[in-house]
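Welcome! Take a moment to look over the sequence and the 3D view, and then we will walk through a few features together.

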Amino acid sequence: MNVLLNKIDPVNAVIKIEVEKADYQEKVEKALRAFRAKASIPGFRKGMAPIGMLKKMHGKAILVEELNKLISDQLYAYIKENNLSVLGEPLPSEEYKEPDLDNQENFEFTYDIALAPEFTFSINKRDKVPYYSVIVDDEMVNKQIDSYRSSYGTYKEADVAEAKDMLKGTLVECENGQPKEGGLVVEDAVLMPSYIKDESEQAKFIGAAKNSVVTFNPTKAYEGAEVEIASLLKIKKEEIAQHTGDFNFEILSITRYTEAEMNQELFDRVLGANVVSDEEAFKAKVKEMVAQQFVADSDYKFMLDVRVMLEKKVGELTFPDAFLKRWVLANQQDKTPEAVDAEYPAMLKDLKFHLIKEQLVKMSGVKIEEADLKEQARKAVKMQFAQYGMMTVPDDVLNNYAAEMLKKKESVRSLVDAALEEKLTAWLKDQVKLDPKEVSYEDFKLLFQQQ
């Protein structure tokens, strides 16, 4: 078997694979014997059908399958052994003709391949890159503390209703001020006065006492909003028209949510036991935490600026345009040539930076180890818990959730990307000269609009 490379130009090449009968005959015969052992042919015991008959019936399909395996193995082995930097996947040459399996024993297969353009660049302390840090002001700190107080609040029973309380009770449909005979009765009805849209109907509940009865009109209260009315009355939307009158609501319980107080219990729940012991120290810690939350955004902006700098250094690159468009069409059959043409400039821009990034990884020597993935998974889990206000999570819980995340292939791929980005960012911050800039959060957001 011969494998030959014909370089058309710096970014286009053709790989020709010449196959003789001796290269595939043994594999085909072995596959045919394996097929015979499993084949159930009418008139013959399983595995006892004549090999010649099976060859006539299935020999061509088996030959095609074995040739495909052989060609694929040889093609990718050649690319790997010769360190070819290939874009996309090899495609059968457009001039390729299907072999005549009935009359040929020796075959020739040709594949077009796209080669990544070659380029070099350097990076050092003469390269100055801005690094933006968000100024964390008192308003941001107080807003975060309010969020913690809300997350760690408590529910308590109350005797008199306020707007944000949750009221539970029994709803009874009325007629002429009295319970309607055969009317709707809703046990365990729940409402919150603050969700009532009509102010006059809402006012009926404010100040109402536990065990009292409030007469109101649900249709008026929710201004005809079918979803809210159907949910309250526990009926289908189609049935609402039959129940547009007044209802009595007997208040059986009033539950009030009270925000957590600024005390040691809150400090411990947010930061861990005895990390701080007074409000001033707590605010200082929260300020650090808020600032830390912006680090990822600052690093992301830094990498965007590094990308612009490196793309300028590398300059224009020549790509195998015709091949890449053909490859996209072959792999995304729902796309039209016109759609590919429209999307191609953006695709090329991303591809260029992908190649630059590959060189950065080689230059930095960054590698992702198992420990990096575990730590990245722990960070991801921590962020998920933080979204629900859980700032301190026991290590065993973090480790268990992280272990589950690492069992999923898609999760592992995203964790590898995140770990690589993190390590590469840290390496680049050491290589270039950082130009620190402190900006307000509003100005920081504007920087992305200007990118």
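In what order do the four strands of the open sheet lie? The order is β1-β2-β4-β3, and the pairing is antiparallel. Keep in mind as you explore that this is a predicted model.

**The sheet**
- Strands of a sheet pair through backbone hydrogen bonds, and the pairing can be parallel or antiparallel.
- At the edges you will find β1 (2-9) and β3 (86-92), each of which pairs on one side only.
- On average, neighbouring strands of this sheet are turned by 20° against each other, direction ignored.
- Eight bridges join β2 (residues 12-19) to β4 (residues 107-115) in the antiparallel sense.
- For an example of a bridge, find glutamate 18, whose partner in β4 is glutamate 108.

**Helix α7**
- This helix spans residues 264-271, and its buried residues are Leu266, Phe267, Val270 and Leu271.
- Seen down the axis of α7, these buried residues fall within an arc of 105°, so they line one face of the helix.
- Among the elements covering the buried residues of α7 are α3 (138-151) and α8 (279-293).

**Helices α8 and α9**
- Helix α9 (residues 295-314) packs with α8 at an angle of about 30°, and their axes are 4 Å apart.
- Angles under 35 degrees count as roughly parallel, so α8 is roughly parallel to α9.
- On the α8 side, Ala291, Gln292 and Gln293 make the contact, while α9 contributes Val295, Ala296 and Asp297.
- The residues of this contact divide into three nonpolar, two polar and one charged.

Methods: Residues numbered from 1 in each chain as written. Predicted model: local features only at pLDDT ≥ 70, side-chain atom pairs only at ≥ 80, totals over all residues. Heavy atoms only, no water. Pairing = 2+ DSSP bridges. Helix = DSSP H or I, 4+ residues; strand = E, 2+ residues; numbered from the N terminus. Axes fitted to C-alpha atoms, helices over the stretch in contact; angles between N-to-C directions. Buried < 20%, exposed > 50% of the residue type's maximum accessible area, 1.4 Å probe, protein only. Arc of directions from axis to C-beta. Contact = heavy atoms within 4.5 Å. Parallel < 35°, antiparallel > 145°, perpendicular 65-115°, else oblique. Nonpolar A, V, L, I, M, F, W, Y, C, P; charged D, E, K, R; others polar.
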